[in-house]
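Please view the sequence and structure below before reading on.

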Amino acid sequence: MSSVCDNLERFVDGEMLPADAENFRHHLARCAACESRMKELVALELLADDALNSPGPERLGAPSTWRNKSWLMVVPLALAAGLAALMLVPQTQPTDSAPELWLAEAATRPLEVRLTHPGADGHRPYQVMRSGTGARPQALALRELARLEEAADHRGIASAFLLRGDLAQASAFLDKLPASADLDTDRAALSLQQDEPEKALVLLERALKRKPRHAQALWNQALALQRLGLSLRAAESFEQVAQLGERGWSGEAAQRAQALRNAAEQERKDWQGMRQDCQRMVEGGAPLSTAQAEALPGMARVCLYNALRAAASPERVESLHPLAVVLDRKEDGTHLEDALRRTARRDFSARAPLASEYARLTRGGVKGPALESFLSRLREARQEDLLLGALAYADPRQFPDEYRALALETKDPWFALLAEERQARADALSDAPQRARERLQAAVKTCTASGKQLYRCMLMQRELGLVMARLHRPVDARARFVGALRAARDSREWGSQRNLLQDLGQVARTQGDLVLARAYVEELLLQTPEGCADSEVALTSLALAHHRALDVAGARELLDRAIQCSQKPSMARLALLADLARTPFRKPEDARLLEQGLGALRDSGAQDAGDLALLRHIEGRFYLEQDAHRGQALLRQALADASKLPAANVSARKARVYSYTSLILDAGRTGELAQGLALFAEEHAMPAPERCVLGVTVDDERTFVVARDAEGRLLGHHDTGRTAPLEGVEGLVPGAVMKALRACPSVDILARPPVQGRAGLLPSDIAWSYRVGGLPNTPPSQAKAQRIIVTDVLAPASLHLPTLRAWNPASDTGEGLTLLRGAEATPPRVLAAMRDATEVQVHAHGIIDPSVADASVLVLSPEATGGRFALTTGDLKGQRLRGRPVVLLAACYAGHTSAYLHENFGLPLAFIESGARAVLAATQEIPDDEAHAFFEPVLARIRDGVPAAIALRDERQAWLRRHASAWVQQVLLFE
């Protein structure tokens, strides 16, 4: 080490040969001891700079020897406590000015995003390198960095690193800055560089609330919106930049905005024009042009099938041949030409009248009994191709076998996929969404692998997203919608893009991502400013998003616009009316609108039993504050209706949870504390606790907390003062309630979404746990203890996760112990081993991966076939843990839950639902070298019969007295 430091001055002075210098650079990167000496040398360099730049006599003499050296610029790469690693790059000329720091001497700028540091925000044209890699960035000059460090200009240092693509270093220096609009803007730029436009959009929303005319924030917002495919919203943001009059930036912003608007308008015109030409072709007009077929082949194929069925003569069929050739060539087949040949051989004296009626069907002129009659006549006439087309206009639950047989008989992959899509839709409507999911997943996999039928594949992706949303799996739904939107955008399918924007807005609202929800819905509204009726769903969705953000005035305004656009009711609109009934924005005509809407939806026949229970809940919620007796009776009826339906019915689950929400908060509002606590217990299917219990619920602006202390005394708190959506739960429980609970040996918390599963609800020096579900229907097995330990997991290399410490068998052995380690620790083997266990320990990595599940996942060893490695909440559904185990999830983020309006998702909740009696899990990172030392004493005390909450509290307090690390305060207990 000393020899390395001895050579440091020679190295910096440039006295080494190049080969020696390169060797020395690698040694230096590991030399922590050289840090202080390096800082001294940097100081000397800065002094030399000052001497050269001073106006005194010393500047008149010969140039400094130090300055003439061909010295090597030093660039910090990673800082822990000072310099941890150094990369030195030869530099023949000294850096005399800061422009080099910002790469300002280049003709073009390296980043599309804008940074807030004045030195890094000079305008130059942006040019994308065709190679995709760009030029090698100029190395950072240590003396310039030192000047910035001396001035504590961490924003400048972060900007310099960001300009050179060192995102980790940029993030580290941004972490040192206080909250501000500039910080949010630079963090958004970083997120955009990491291809995370959704995250950037949230940061920029906050920045623009602080400073509405923030130029860099508006620019970066436009980029984020553009990358999400929201062209018109992006154009609006660019236009706001253009109005600021900045040199260079305003002109480029105006050009970008105009280009986005032109492209969006052309795409809309092309699609709408094609749709009009399509209907004319079906009615006997000119066939679509080759250019139209090339531009929108999916729609063109739909049009050709319909035009062929509506053809009234062989000559008309022949006129469609050129279009068929073009479309067949795109799919590398002859299916359309084959269909034309088959049709041309038909007897048109019998077919022509039926073909004419089919054309009328495509215009919406044949419905109800007329459609049934038409189908019968087609069967009698043995016009199979017409029958196949006409069946598509019937309810998919009707004639499924007939449709499938006709579709497969064509030998056309288009109709084979369409048959799967139609059957999946029938499954979903028949309350079998899981079957629909499986069918669509297989079909999407098939068409994706083939690389053909991209239009049908895109539509099936959307259909799969709708099924996932129905199953209340918003992360999976969003992934499907995003994939479908990307395909629709690539193929310029403007109509499908509109549908998908609406879908994405709704799923974002479900996830509580209000910024993203508004962005999608506002884009949808901008696309059709002239079509009020087409905007009704979008306006309602946007009103709901504003209500979730507690902007009640904005929600009312948008709801009124939606009502004016269309009198056709929707459940979402009625639900919002019910929520507004308790606010000053309720209107006298709301009761009439509600009753009309409820009647129309009930009479439509389109609602299943779960939907009807949810409608009953909406009615009860509306009347609760005006007529308490009527409202409570309706809510009780909704609960009774929902209780008769299977747990898989999402609407029934919503009706149940939302009805309890209304009843519990009504009890809090009227001061009926005992009734409120009884309702908490009733919802959890358990007797009302007599002491040491805390109930907590939050709904929009309302909070209700009720408790019984150690002597059974009731305490409570109700307020309606929240002005922003709930973020954290610290401080949610009033001090008086918390003080009363301190005398309890332990506290059972009956928390409801979105509070349930959050750390910090009570202090760590109180023994407490989240009670999930009711008392077990069967007692724990009295069989011999069976312990399962999952350890030494082989995480997939692609995740780049560090290897955890090997489990030490000497510290934990005994009868009834089963180890699953290494390659054996796959998800299926772990699930099988847990079924009869009385204790389960999982020592593995935990990650929060929205692409895999709605909450945290455990990273296990991958299966040999397929590579599946994640244990998710979905894997635990339907499992039965017969041994009623205590489960330890010694994995980072294993306690993380995703909260929705009507339920939480998370591994601890899934384990409890499967039969575990207690689950220990953390909501943040767990240090590998501390996990066993903390958790093993907790488990040992539980084995000895100590209540789990007390064992956790005592060991946590003992740990905090001995250690500085506070991660143990984030460990939660679910029982």
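Are Tyr305 and Trp414 buried or exposed? In this predicted model, both Tyr305 and Trp414 are buried.

## Aromatic pairs

The count of aromatic pairs comes to 16. In one of them, the ring centres of Trp219 and Trp249 are 5.0 Å apart and the planes meet at 75 degrees; the pair is edge-to-face because that angle is over 60 degrees. This pair links distant parts of the chain, with Trp219 in helix α11 (residues 215–227) and Trp249 in helix α13 (residues 249–282), 30 residues apart.

Tyr305 and Trp414 form a tilted pair, 5.7 Å from centre to centre with 45 degrees between the planes. Here too distant parts of the chain are linked: Tyr305 lies in helix α15 (residues 297–310) and Trp414 in helix α23 (residues 413–429), 109 residues apart. Ring pairs join Tyr305 and Trp414 with Phe415 and Tyr455 in a cluster.

## Charges over rings

Trp249 also has a charged neighbour: the charged end of Arg114 sits over its ring, 4.1 Å from the centre. The charged end of Arg422 sits over the ring of Tyr403, at 4.8 Å from the ring centre.

## Helix α7

Helix α7 spans residues 154–163 and is mostly covered, with nine of its 10 residues buried. Among them are His154, Ser159, Phe161 and Leu163. Just after α7, Gly165 adopts a positive phi of about 85 degrees.

Notes. Residues numbered from 1 in each chain as written. Predicted model: local features only at pLDDT ≥ 70, side-chain atom pairs only at ≥ 80, totals over all residues. Heavy atoms only, no water. Buried < 20%, exposed > 50% of the residue type's maximum accessible area, 1.4 Å probe, protein only. Helix = DSSP H or I, 4+ residues; strand = E, 2+ residues; numbered from the N terminus. Phe/Tyr/Trp six-rings, centres within 6.5 Å; stacked < 30°, edge-to-face > 60°. Lys NZ or Arg CZ within 6 Å of the ring centre and 35° of its normal.
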